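I shall go through the chains in turn, then their interface, and finally a few individual residues.

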Amino acid sequence: MSRAADGIVRPRGASQKALRVLLFVLLGIFALYYLAPLFVMVSTSLKTLEQIRAGTLLSLPTDLTFSAWTKAWSEACVGVRCEGLRPYFLNSIMIAIPGVAISTMLGVFAGYSLTKWRFRGADIIFAMMLFGAFIPFQVVLLPMARTLGFLGLAGTIPGLILVHIFAGLAFTTLFFRTFFVGVADAIVDAAKIDGAGYFTILFKILLPMAVPTFAVTVIWQFTQIWNDFLFGVVFTSTQSNPVTVALNNVVATTTGVKEYNVDMAAAIMAALPTLVVYVVAGRYFVRGLGAGAVKG
Amino acid sequence: MSASARSDGGGGPLRLLEKWLPQIVLAPIFGLSLFFVYGFTAWTLYISFTKSRILPVYEWAGLIQYERLWSTPRWYVAVENLFVFGGLFIFGCLAIGLVLAILLDQRIRAEGALRTIYLYPMALSFIVTGTAWKWILNPGLGVEKLVRDLGFPNFTFDWLVNPDYAIYTVVIAAIWQSSGYVMALFLAGLRSVDDDLIKAAAIDGAGPIRSYVSVILPMLGPVFLSSVIILTHLAIKSFDLVIALTGGGPGYATDLPATFMYAFAFQRSELGMAAASAIMMLTTIVAIMVPYLYSELRGSQR
């Protein structure tokens with residue numbers, strides 16, 4: 001990451017020093033721009049409605065209250081159902097865990113088969129699968145709805161999990177293929193000579209090396225599935241909505257007094273899991289973004 | 001498992017199974033992928049050539065849905081919005097992303113923290129982003145009130161509810177969400193520029209600005225290209241943000257093709273037209289992605 005030479009702007013002389021100050025001022029202004037919405041969300045969620053009306057976006061809450069948070073979690077109305085965000089948050093967890101696990105596993109096998117057991121057409125198969133990463137999902141909505149109907153999974157959580165597995169395959173395959181391509185064939189060939197087979201080579205030799213790729217893939221898939229709205233809104237019903245859909249319903253509710261503090265608390269809750277992942281494992285997250293750009 | 005049997009063992013069914021194992025494992029995965037991507041796309045394509053409304057009917061009707069689509073004013077609004085939104089979004093992300101990357105590339109302290117701050121919106125759902133910005137742009141309570149309380153009682157900022165300007169609020173939120181990502185791409189690009197070139201430029205007496213303009217930036221061409229491709233792709237698929245921020249409104253002033261497709265498929269029971277609009281989106285993306293992927297994959301094969 002770090003570069004051996006100095007940057008272009010070097011701290012030399014008075015004018016250079018001024019440039020340096022300017023640099024930090026600019027960086028600081030941008031940092032404020034990116035942080036402002038987060039600050040506004042958090043501070044609004046800690047205010048009462050009176051405080052919201054009396055103050056402005058940037059005013060701090062005068063007396064902290066977490067009532068908006070408890071309301072968003074367990075009382076806010078999503079449509080006619082007033083149980084807060086909790087059931088939908090749990091739905092999202094129940095969707096994300098198997099969705100991430102299965103799509104990642106399938107990506108491992110696909111990437112492995114395509115690279116370390118090369119056969120004719122492997123590249124074409126990969127290219128065809130890769131295309132799935134770029135189609136606009138609007139193209140698959142109608143047939144998917146019909147297919148889930150045929151399978152009896154319309155409006156259910158397992159149905160949405162299936163959709164996410166389908167939709168994630170191209171990406172997970174891409175991640176693992178990229179990793180396995182980089183592993184020397186000599187390692188695999190040596191293992192073959194020693195009599196190791198398809199699964200032995202994968203589980204005993206390659207997967208222990210692939211831990212960082214696992215991290216990238218799991219984070220990528222988790223973020224995609226947790227943040228998804230399109231599939232959630234199309235393929236689930238009220239009971240099985242993921243948290244993004246529930247959040248949008250809370251915010252879009254027009255009956256009664258608009259509770260902006262509850263909206264903001266709900267938004268933070270829906271954002272928290274991916275935010276935590278990003279803060280804890282940021283470099284894997286960034287690498288995932290890079291791979292999404294067909295790089296690396 | 002039988003797979004651990006010796007691969008150099010004798011013949012027999014086990015040996016045969018072993019030989020074909022990679023293909024056997026791959027087949028269902030590839031099959032699923034094939035079905036999802038190509039099967040479903042073909043299915044949608046077919047629906048777009050039928051008279052399907054509430055339910056799909058599978059009787060060929062030619063280009064009727066495309067004719068209807070292209071004579072629907074709302075579709076024109078959506079396409080026009082895509083140009084406005086996409087153009088400003090791509091330009092804004094590139095400009096901010098590049099500036100940030102150059103500023104961050106000056107070997108400064110706190111680079112890691114700043115990078116984290118610039119990039120975190122990318123980890124958020126568009127629904128969350130939309131919710132936050134909807135609140136900030138709220139005409140009565142958001143930025144408008146903030147500026148009025150600062151002593152400008154006549155300040156108005158009601159873009160969110162103004163049909164002529166609402167699409168720009170979508171641009172603001174989208175740039176906030178995605179510009180950090182472009183920054184990360186550019187930063188990686190800047191870091192991979194050969195140091196010797198920069199030193200050579202410095203020895204030749206090039207100042208910082210000249211070094212960037214005539215030495216460094218021209219080498220970032222590929223990063224520019226992939227950024228534009230990714231941002232275009234994001235713009236065409238934009239759906240969540242619009243739904244959360246404006247709901248496509250006021251009226252259908254902030255409709256994009258993606259929200260148009262959703263509305264016609266699931267609210268207005270016009271499956272055929274919805275399918276036709278989805279195919280138009282696909283066509284646009286294919287026209288952009290296929291040449292790009294082709295060059296990208298060919299380049300990576302040395």
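This is a predicted model: local features need pLDDT of at least 70, side-chain atom pairs count only at pLDDT 80 or more; totals for chains, interfaces and linings use all residues.

Chain A has 296 residues, and 58% of them are buried. Its radius of gyration is 24 Å, whereas a compact globule with that number of residues would have a value near 19 Å. As for the contacts in chain A between residues at least 6 apart in sequence, 69% join residues at least 24 apart.

Let me turn to chain B. Here there are 13 helices and zero strands, in the order α-α-α-α-α-α-α-α-α-α-α-α-α. Chain B is more spread out than a compact globule, because its radius of gyration of 25 Å is well over the 19 Å that the globule rule gives for 302 residues. The box filled by its C-alpha atoms is roughly 85 × 65 × 35 Å, again along the principal axes. Buried residues account for 54% of the 302 in chain B. Of the contacts in chain B with a separation of 6 or more, 67% are between residues 24 or more positions apart.

I come now to the interface. The size of an interface is often given as the accessible area lost when the parts come together. For chain B and chain A that area is about 9400 Å², with 75% of it on carbon and sulfur atoms. Three residues, B:F36, B:R107 and B:W135, supply 8% of the area that chain B buries against chain A, more than any other three residues. In all, 110 residues from chain B and 96 residues from chain A take part in the contact.

What kinds of contact link chain B and chain A? The rule finds 17 residue pairs in polar contact across the interface, with both residues at pLDDT 80 or more. The count of salt bridges between the two chains, by contrast, is zero. On the side of chain B that touches chain A, helix α1 (residues 13-47) gives the largest share, with 20 residues. That side of chain B divides into 76 nonpolar, 18 polar and 16 charged residues.

One of the interface residues deserves a second look. B:R107 lies in the loop between α3 (73-104) and α4 (111-119) of chain B. Although B:R107 is not a glycine, it has a positive phi of about 50°. B:R107 counts as partly exposed because its relative accessibility is 42%.

B:S269 is also a residue other than glycine with a positive phi, near 50°. Its place is the loop between α12 (257-266) and α13 (271-300) of chain B. With a relative accessible area of 27%, B:S269 is partly exposed.

Finally, I return to chain A for A:E75. Where is A:E75? It sits in the loop between α3 (67-74) and α4 (86-116) of chain A. A:E75 has a relative accessible area of 44%, so it is partly exposed. Leaving aside residues up to four places away in sequence, A:E75 touches A:T70, A:C82, A:E83 and A:G84. The C-alpha atoms of A:E75 and A:M144, 69 residues apart along the chain, are 33 Å from each other.

Thank you; I am glad to take questions.

Terms used
Residues are numbered from 1 along each chain as its sequence is written. Chains are lettered from A and ligands numbered from 1 in the order in which they are written. Side-chain values use heavy atoms; hydrogens and water are left out. Helices (H or I, at least four residues) and strands (E, at least two) are DSSP runs, numbered from the N terminus. Buried means under 20% relative accessible area, exposed over 50%, partly exposed in between (1.4 Å probe, protein chains only). Contact means heavy atoms within 4.5 Å. Buried area is the accessible area (1.4 Å probe) that two parts lose on being put together, summed over both. A salt bridge is a side-chain nitrogen of Lys or Arg within 4 Å of a carboxyl oxygen of Asp or Glu. A polar contact is a pair of N or O atoms within 3.5 Å; within protein, one must be able to donate a hydrogen and the other to accept it, and residues adjacent in sequence count only if both atoms are side-chain atoms. Ala, Val, Leu, Ile, Met, Phe, Trp, Tyr, Cys and Pro count as nonpolar, Asp, Glu, Lys and Arg as charged, and the others, Gly among them, as polar. The radius of gyration is taken over C-alpha atoms; the globule rule is 2.2 Å times the number of residues to the power 0.38.
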